[in-house]
Every structure is written in C-alpha cells, then in structure tokens.
Amino acid sequence: MLVIQVLLNGIVLGSLYACIAVGFSLVWGVLNVINLMHGSFIVLGSYLAWGAYNALGLAPWTALLIAAPAFFCLGYAIQRGILNRVIAAPVLVTLTLTFGLDLMLNNAMLIGFKADYRRLILDPSLGTVSVGSLVVPTDRIVATIFALLLTLVLYLVLRRSRIGRAIVAVRMDRDASRLMGVDVPSIYAITFGLGAAMAGCAGVLLAMIYPISPIAAGSFLGKAFVVCVLGGLGSVPGAVVGGLFLGVMESFGSLAFGPEHSVTLSFGLLILFLIVRPQGLLGKRGFE
Amino acid sequence: MKKSSYFGTIALLVLFGCLPLFESSYALRIGIFACMYAIMAVSWTVIGGFTGYPSFATAAFFGFGAYCGGVLINKGWPLFAAVGAAGAVAFVSALLLGIALVRLRGHYFAIGSLAVAEVLREATNSATDLTGGGMGLNIPLAVTSSSSVMGEASFFFWAMLALLLLTFIVVHLIQQSKLGFGLVCIKQNESAADMIGVNATMYKSVAFAFSGVFVAMAGVLYAAWMHYIEPADVFDVLLAVKPIVMALLGGLGSPAGAVLGAFVFLGIEELVWRNFLQIHSGVLGLLVVVLLLFLPNGMMSIAKRLSFRRGQRG
C-alpha cells in the first residue's frame with residue numbers, strides 16, 4: 001500500500017512539474033532561448049493568486065482567467081521589445097540576457113513583496129480525499145487536474161489552431177516557414193507569451209500547495225530544466241512524460257534515501273541523461 | 001592579442017602590486033577581489049571566449065578549490081602545497097569530466113556545466129564529516145609569518161596578484177599555441193575542425209581543464225583569506241555568471257579585455273553596493289541587459305571603432 005501511496009504522490013508532483021516545464025520547453029524548443037525568467041514568472045503568478053484571493057476573494061481556479069492573459073501580454077511585450085533584438089545571437093548572449101532580466105524581476109519582487117514566506121490559505125479548507133488507506137489532500141488533486149487540463153489546452157492549441165501550426169512549423173524549420181509566409185518575429189513573441197502564460201498559471205496552481213517566496217524561483221527553474229532534459233525538448237508530451245518521470249523518481253528517491261537528497265537525485269539524473277540520452281525520453285535524435 | 005596590449009596589461013598588473021603601500025585595508029580587500037574576479041574571467045575566456053562553449057562551471061571549480069584547500073589546510077598542509085594540490089586535482093577531474101561534458105553543445109553544455117556546481121554543492125552539504133555541511137568550514141590561520149591584519153591582507157593580495165599574472169601568461173601562451181589555434185577553429189566550425197584532424201573532444205577537454213585549474217587555486221586562496229567558507233557562498237551561481245559578464249564587458253575572446261572587464265565590473269559592483277544596497281541585483285541585471293543590447297562586443301571594441309572612424313575621416 002505504501003508503494004501505491006508513494007506512486008500517487010509522485011504522479012501528483014509530476015503533473016505539477018509537467019505544468020511548470022511545458023512553457024519553458026516550448027520557448028526553448030521554438031526560440032532556442034533558455035528563459036531564465038521562467039522561475040520568477042511562476043512566483044509572480046503565485047503572488048497574483050495570493051493577491052486575488054486576499055483582496056478580491058477570487059479562488060485560484062478563477063484567478064487562472066486573469067493570470068493567463070496578463071502573463072501572455074507580459075511575455076509578448078518582453079519578447080517584442082527586448083529579446084527579438086538579439087534572437088539570432090549566440091546562445092551565450094540570449095542566456096545572459098534573460099539572466100539579467102531575471103535579476104531585475106526577482107529584485108523587484110523582493111522589494112515589492114519582501115522575502116517572507118506567504119501562504120494562500122483557502123477558507124474553508126478543501127480537506128482530503130481518502131480511498132482505503134490512500135490519502136491525498138483535495139487541494140493537490142484540484143491543482144493536479146488543472147495542471148493537466150492546462151497542458152492539454154496548450155497541446156490542442158499547438159495541434160489544432162492556425163497559430164499553433166505556425167509555431168510548430170517555425171520550430172521545425174525557421175527559414176522554410178518564413179518562405180511559406182509565416183511572420184517569424186510575431187510567432188516568436190506569441191510563443192514567448194504562451195510560455196509566460198503557462199508559467200503564470202502554474203504559479204497560480206502552486207500557490208494552493210506551497211508557500212510563496214521570491215527565493216523559490218531558482219528551484220522551479222531547476223525543475224523545469226531537469227524535466228525538459230528528461231522528457232525531450234519542445235514537445236508537450238515530452239514535458240508531461242519528463243515531469244511524471246521526475247515526480248515519481250523523486251517520490252521513490254525520498255522514500256529510499258530521505259527527502260534531503262531529492263535535489264542531488266534530480267541533478268544527477270540530469271547529468272546522466274545529458275551524457276547518455278541528450279534527446280530525452282521522447283525526443284528524436286538530431287532534432288534538438 | 002596584440003603584443004602592446006599583452007605587455008601593457010602585464011606592466012599595469014605589476015604596477016598594481018604597489019597597492020599595499022597605501023596602507024588601506026579597504027583598498028586591499030578591493031584589490032584581492034579585483035584579482036580574483038580577473039582570474040575567473042581570464043580562465044573563462046579559454047573555454048567561453050576561444051572555444052565558444054558557454055561554460056557555467058566556474059562556480060563549481062571555485063567551490064571545489066575552496067573546499068579542497070579548506071580541508072587540506074585543516075589537516076595541517078602549508079598554504080602553497082594546498083594551492084598546488086587543489087589545482088592539480090581540479091585539472092585532472094575537470095579533464096575527465098570534460099571528456100563527458102564537452103560532447104554536449106550549446107544550451108545542453110551550459111546546463112550540464114551549471115548542474116556540476118549544483119551537484120557539488122549538495123554533495124558538500126551532505127558530507128558533513130569532511131566539510132561541516134551547511135554549517136560551513138572554519139579554516140585556521142595559514143600565514144604565520146606576519147602577525148598583523150594588514151600584513152596578512154598584503155600577503156593574500158600579492159599571492160592573488162601573482163596567480164593572476166600566472167593565469168594571464170598561461171592563457172596568453174595557450175592563445176599563441178597550436179592548442180589555441182585549434183580552439184578557435186572549433187569555435188568557427190567544429191565539424192570542419194574535426195575533419196581536418198583537430199581532436200575536438202581532447203582539445204575542448206583540455207580547454208575546460210584550463211578554465212578550471214586557476215579558478216580552483218584562487219578558491220584556495222579565498223578560503224585561506226576568509227577563514228570561513230560555506231556551500232551557499234562558494235558554489236553561488238552568481239560566481240558562474242559574473243565572469244561571463246566581465247568577459248563580455250571587456251570583449252569576448254581577449255584575455256586583456258577580460259582583465260579590464262573584471263576591474264570595471266568590480267568598480268561598478270562596488271558603487272552599486274554602496275549606493276543601492278536594496279536593488280543591487282536589479283542594477284546588476286540592468287547592466288547586463290544594457291551591455292548585451294548596446295555594447296555586444298565589449299569595451300575593447302570601442303577603441304577599435306574609434307580608430308576605424310578616424311581612419312575613415314583621414
């Protein structure tokens with residue numbers, strides 16, 4: 001029974017990891033930019049949920065409706081205004097640039113919200129769900145369901161909509177899609193906006209479970225990295241598989257070695273995968 | 001690198017050695033940090049500037065060196081033996097790690113090298129018996145010859161400066177040598193370099209090792225000077241990013257530019273710390289963004305641009 005409980009915890013954790021990573025993976029895959037601001041976007045989303053709940057009384061799932069368009073606009077503006085200028089530059093430049101922007105954003109949050117931990121406490125609390133001896137808090141189940149739903153929505157947008165097809169086309173071959181009449185800079189901005197929107201929504205969901213602090217940005221970013229490398233880059237199924245894999249591994253790792261080694265475990269997996277299978281679990285070779 | 005800028009930098013650095021004459025401990029502290037940053041930036045140039053591989057492993061090397069040195073000095077080793085040993089161990093392990101790591105390209109290499117520091121930090125945190133874990137490690141006085149605080153600070157200043165000179169000269173020699181030429185070939189077109197017989201993996205691993213050895217030695221000096229180190233401090237991710245900013249500030253791929261960039265960066269950092277304590281990391285971020293958007297080729301390019309314009313006019 002313990003094994004099933006740990007597996008269940010792993011799946012819940014993994015769906016949240018998938019939601020954290022999917023926007024990051026999309027931006028990395030399509031723009032070839034590692035967005036180091038992703039972690040701070042997530043934290044900002046959590047603050048938005050906290051503010052919406054405490055000031056306006058909006059439940060986190062309602063706050064998603066504000067977070068998604070707000071973060072999309074933020075991401076779109078950053079890409080249009082700043083990143084598009086250096087998009088063709090070497091890896092080092094874009095990486096360092098997003099690092100600089102992240103320093104600014106994180107510093108702004110530290111000043112605006114202070115470094116103390118805040119907690120979004122739902123009143124009345126949602127309680128727990130138990131089947132036999134398996135117990136899961138309801139807020140985690142709600143967060144998991146919304147995380148999977150959001151990921152599914154992103155998948156459908158990429159698969160079914162015109163803009164989504166254009167994004168996938170740009171990812172496959174930028175030059176060819178430009179020749180086919182795709183406005184590449186605008187697709188870049190939309191993709192970055194989608195990535196930011198996913199990060200903001202993930203932050204809203206995480207606010208239901210974890211305490212909120214600007215300091216957490218780094219660990220969210222780390223998880224996104226690991227999930228992308230494990231699952232394979234730039235595809236939604238890759239992020240889901242990578243997220244679930246990491247979540248389950250961490251759950252069982254905590255059981256076996258103790259929770260303090262979960263970071264070592266995930267980064268150890270990262271290095272192992274980078275060396276042995278850099279295209280990830282679902283990735284195709286040479287398509288990175 | 002032009003001969004003039006090479007000898008000019010060396011002369012300026014030797015002149016910099018007169019700093020203890022001012023008898024100001026603040027100036028000495030800044031001087032030691034300036035040399036340390038310059039060692040990091042010049043070392044990073046080997047892998048990031050010459051070879052074009054965005055390495056974020058500087059923090060890993062620095063922390064590794066600091067802990068190596070701290071543990072050895074605690075065991076009663078003399079300072080310079082600890083510096084040498086840490087350098088040697090760092091070189092060999094970086095070479096071995098490099099063979100696995102440099103197969104990755106672009107973002108993957110960047111993340112892989114970043115993860116090395118994370119893993120080392122967690123390992124240091126959990127190896128409580130050897131490193132003291134999160135409590136940090138106290139390091140006894142390594143210099144017994146000078147009893148005064150000023151004397152000790154001057155000693156570490158000269159040691160760091162000497163290490164910087166060594167780093168600068170070795171990196172210059174690398175640039176002049178067949179190795180440096182091979183690295184530049186790899187940067188321009190790795191497949192082509194491989195084709196004409198450059199052993200790319202070997203060359204990159206050696207470059208990676210050289211980007212680590214002096215940083216690890218600087219880590220030992222830092223640990224001995226500070227007398228206390230902790231994992232969050234010496235494995236800080238900012239230590240991996242700052243050298244890159246310095247190298248970009250000076251001009252990518254030029255050791256003299258890296259020294260210049262490190263000194264200017266430290267100056268800016270010090271001013272910002274003093275005046276805007278609350279928003280110092282935000283200002284640092286702004287500096288990075290402005291630098292990348294408006295001066296992507298660094299300060300060394302300003303002189304070139306000016307002389308180019310003058311040439312056009314004349």
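The secondary structure of chain A consists of 11 helices and 2 strands, where helices (H or I, at least four residues) and strands (E, at least two) are DSSP runs numbered from the N terminus. Chain B has 15 helices and 2 strands. This is a predicted model, in which local features need pLDDT of at least 70 and side-chain atom pairs count only at pLDDT 80 or more, whereas totals for chains, interfaces and linings use all residues. Residues are numbered from 1 along each chain as its sequence is written, while chains are lettered from A and ligands numbered from 1 in the order in which they are written.

**Chain A as a whole**

- Read from the N terminus on, the elements of chain A follow the order α-α-α-α-β-β-α-α-α-α-α-α-α.
- The radius of gyration, taken over C-alpha atoms, is 19 Å for chain A, which agrees with the value near 19 Å that a compact globule of 288 residues would have; the globule rule is 2.2 Å times the number of residues to the power 0.38.
- Along its principal axes, the C-alpha trace of chain A spans about 60 × 45 × 35 Å.
- Of the 288 residues in chain A, 51% are buried, a residue being buried if 20 or more other C-beta atoms lie within 10 Å of its own, exposed if 12 or fewer, and partly exposed in between, with C-beta atoms placed from the backbone.
- Two residues are in contact if their C-beta atoms, placed from the backbone, lie within 7 Å, and among contacts in chain A between residues at least 6 apart in sequence, 79% join residues at least 24 apart.

**Chain B as a whole**

- For chain B the radius of gyration is 19 Å, close to the 20 Å that the globule rule gives for 314 residues, so chain B is as compact as a globular protein of that length.
- The C-alpha atoms of chain B fill a box of roughly 60 × 45 × 35 Å, taken along the principal axes, and buried residues make up 52% of its 314 residues.
- Among contacts in chain B between residues at least 6 apart in sequence, 80% join residues at least 24 apart.

- Helix H11 (residues 262–276) of chain A has 15 residues, and its end C-alpha atoms are 21 Å apart, in agreement with the 21 Å it should span at 1.5 Å a residue; the expected span is 1.5 Å times one less than the number of residues.
- The buried residues of H11(A) are A:Ser266, A:Phe267, A:Leu270, A:Ile271, A:Phe273 and A:Leu274, and seen down the helix axis they fall within an arc of 165°, so they line one face of the helix; the arc is that of the directions from the helix axis to the C-beta atoms.
- An α-helix has 3.6 residues a turn, so residues three or four places apart point the same way.
- On the face of H11(A) turned away from its buried side are the exposed residues A:Leu272 and A:Val276, while what covers the buried residues includes helix H9 (217–231) and helix H10 (236–257) of chain A together with H5 of chain B.
- Helix H4 (residues 79–101) of chain B has 23 residues and reaches 31 Å from its first C-alpha to its last, close to the 33 Å expected at 1.5 Å a residue.
- The buried residues of H4(B), among them B:Leu79, B:Phe91 and B:Leu101, pack against helix H3 (58–74), helix H5 (106–126) and helix H10 (200–226) of chain B.

**Where the chains meet**

- In chain B, 32 residues are in contact with 30 residues of chain A.
- H5, helix H12 (237–250) and helix H14 (280–294) of chain B each supply at least two residues of the side that touches chain A, and H5(B) gives the most, with 12 residues.
- By class, this side of chain B has 21 nonpolar, 9 polar and 2 charged residues, where Ala, Val, Leu, Ile, Met, Phe, Trp, Tyr, Cys and Pro count as nonpolar, Asp, Glu, Lys and Arg as charged, and the others, Gly among them, as polar.

**Individual residues**

- A:Ala21, found in helix H1 (residues 2–31) of chain A, counts as buried with 33 C-beta neighbours inside 10 Å.
- A:Ala21 and A:Lys223 are 202 residues apart in sequence, yet 7.4 Å apart in space, C-alpha to C-alpha.
- A:Asn32 has a positive phi of about 55° although it is not a glycine, and it lies in the loop between H1 and helix H2 (38–56) of chain A.
- B:His227, which is not a glycine either, has a positive phi of about 65° and sits in the loop between H10 and strand S2 (228–229) of chain B.
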